[in-house]
Amino acid sequence: MKAVTWHGKRDVRVDTHPDPVIQDPTDTIVRITSSGLCGSDLHLYEVLGPFLTEGDILGHEPMGIVEEVGPGVTSLKVGDRVVVPFNVSCGDCFMCGQGLHSQCETTQVRDQGMGASLFGYTKLYGAVPGGQAELLRVPFADRLPIKVPAGPPDERFVFLSDVLPTAWQAVEYAAVPKGGSLAVIGLGPIGDMCTRIARLHGVEDVVGIDLVDERLARVTARGVRTLDLREHGSKLAEAVRDLTDGRGTDAVIDAVGMEAHGAPVAKLAQQATGFLPDALAEKFMRTAGVDRLEALRLAIDIVRRGGTISLAGVYGGMADPLPMLTMFDKQIQLRMGQANVHRWVGDIIPHLTDDDPLGVDTFATHKVPLSQAPEAYDMFQRKQDGAVKVLFTP
């Protein structure tokens, strides 16, 4: 089969790999029909190389058709259409029972001190082959894949793998009070979807913040007020307070994460790590790694006192300097974590209806063959050609 594989910083290729096979009785093999390119994939493309091995198969947002099932599978059959969540979760353990599928006790990567395994996301998360490929082995076939109906295009359902539950959880964690306000920092795929879900939840006062013209335009077109970081610069927090009676918004979602713009020292540290041998780079990142924290610092600045910050953007630093005095003094509540996909699927599916209130059918800006993955990664990383959400079609 063909698959997108990692070969080094900013070096992904489409290679030939052996087809996956049934390894456990409860496995299934899925022929992938669509697979998303996620902002988190850019962390692998740019920063997290020390935790990857050349040839690792990337991708964690796939859907497709069941091609083979193990002898222990009872709820799926060949030909069924499924979405594969990015968490590899068993659905039966204590953590899954708590709705914390990202902490699944069956697939926790204990030798790395991490939570549940993820498809296509470094040895920190189990080095599980990913879904930017023609075929994917999916374990726990009776509990993990999400069966969806035939008929509508893949775009109607593929975002159940990551974008929709990640954004849904971010909005839930933001806990915007009735009649309250929400700022969303970063209007890439997750931030954009957060604004849509917040409005669906009845939050009327949503402010989207970004510095990319196409992303600002997409969100503005759906009736959300936007602020251009380039225009307001260091006074952006003042602009938000001017819109909210001088207080700041009740909640803020940081949908940017570790590679925020405007953090030159942390950026230099991240880049310098890339020149170290992998063993040294990995040790450095585990103990002294820092993130670019400008988005989080902005969130801390613009949230009102007693408000909530919800982190949807991925952070990976172990020595991030946070303004604890400010956070304590402002009595900020902070919630974060990988999305627990299955926790939110039942809430989301009723909204994937014919009238498409979240606009999922037109959410992807680019659909490209798997063979063009290297060019797509480069385009997405550079924010070129209006790229907000890319789908691969193996």
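Modeller: Start with Gly126, which counts as partly exposed because its relative accessibility is 35%. The scale is this: buried means under 20% relative accessible area, exposed means over 50%, and partly exposed lies in between, with a 1.4 Å probe and protein chains only. Gly126 sits in the loop between helix H2 (94-97) and strand E6 (135-138). Helices (H or I, at least four residues) and strands (E, at least two) are DSSP runs, numbered from the N terminus.

A word on the basis. This is a predicted model, in which local features need pLDDT of at least 70 and side-chain atom pairs count only at pLDDT 80 or more, while totals for chains, interfaces and linings use all residues. Residues are numbered from 1 along each chain as its sequence is written, and side-chain values use heavy atoms, with hydrogens and water left out.

Not counting residues up to four places away in sequence, Gly126 touches Val109 and Ser117. Contact here means heavy atoms within 4.5 Å. Arg110 is 16 residues from Gly126 in sequence, and their C-alpha atoms are 9.3 Å apart in space.

Next comes Ala127, in the loop between H2 and E6. Its relative accessibility is 43%, so Ala127 counts as partly exposed. The backbone deserves a look. Ala127 is not a glycine, yet its phi is positive, about 55 degrees. Most residues other than glycine have a negative phi.

Two other places carry a positive phi. Gln331, a residue other than glycine, has phi near 55 degrees. Gln331 lies in the loop between helix H11 (324-329) and strand E13 (333-336). With 62% relative accessibility, Gln331 counts as exposed. The other place is a hairpin turn: strands E1 and E2 form a hairpin with 2 residues between them, and Arg10 in that turn has a positive phi of about 55 degrees.

Now H2, at one end of the Gly126 loop. Cys96 is in helix H2. Its relative accessible area is 6%, so Cys96 is buried. Leaving aside neighbours within four places in sequence, Cys96 is in contact with Ser89, Cys90, Gly91, His101 and Cys104. Cys96 and His342 are 246 residues apart along the chain, and their C-alpha atoms are separated by 8.7 Å.

E1 (residues 2-8) is mostly covered, with 6 of its 7 residues buried. E1 pairs with E2 (residues 11-16) in the antiparallel sense over 6 bridges. Two strands count as paired if DSSP finds at least two bridges between them. Within this pair, Val4 stands opposite Val14 in E2.

Helix H1 (residues 39-46) is mostly covered, with 7 of its 8 residues buried. The buried ones are Ser40, Asp41, Leu42, His43, Leu44, Tyr45 and Glu46. Their cover includes E1, E2, strand E3 (28-37) and helix H13 (373-382).

E3 and strand E4 (residues 62-69) are antiparallel over 7 bridges, and Ile29 has Glu68 in E4 as its bridge partner. E4 in turn pairs with strand E5 (residues 81-83), antiparallel over 3 bridges. There, Ile65 has Arg81 in E5 as its bridge partner.

Finally, the whole chain. It has 13 helices and 15 strands. Its radius of gyration is 20 Å, close to the 21 Å of the globule rule for 394 residues, so it is as compact as a globular protein of that length. The radius is taken over C-alpha atoms, and the rule is 2.2 Å times the number of residues to the power 0.38. Along the principal axes, the C-alpha trace spans about 60 × 50 × 45 Å.

Buried residues make up 55% of the 394. Among contacts between residues at least 6 apart in sequence, 73% join residues at least 24 apart. The accessible surface is about 16400 Å², and 52% of it belongs to carbon and sulfur atoms. Such areas come from the Shrake-Rupley method with a 1.4 Å probe; for residues, only the protein chains shown count as cover.

Last, charge. The mean positions of the 38 positive and 51 negative charges are 3 Å apart. Lys and Arg count as positive and Asp and Glu as negative, while His and the chain ends are not counted. Each charge is placed at NZ of Lys, CZ of Arg, CG of Asp or CD of Glu.
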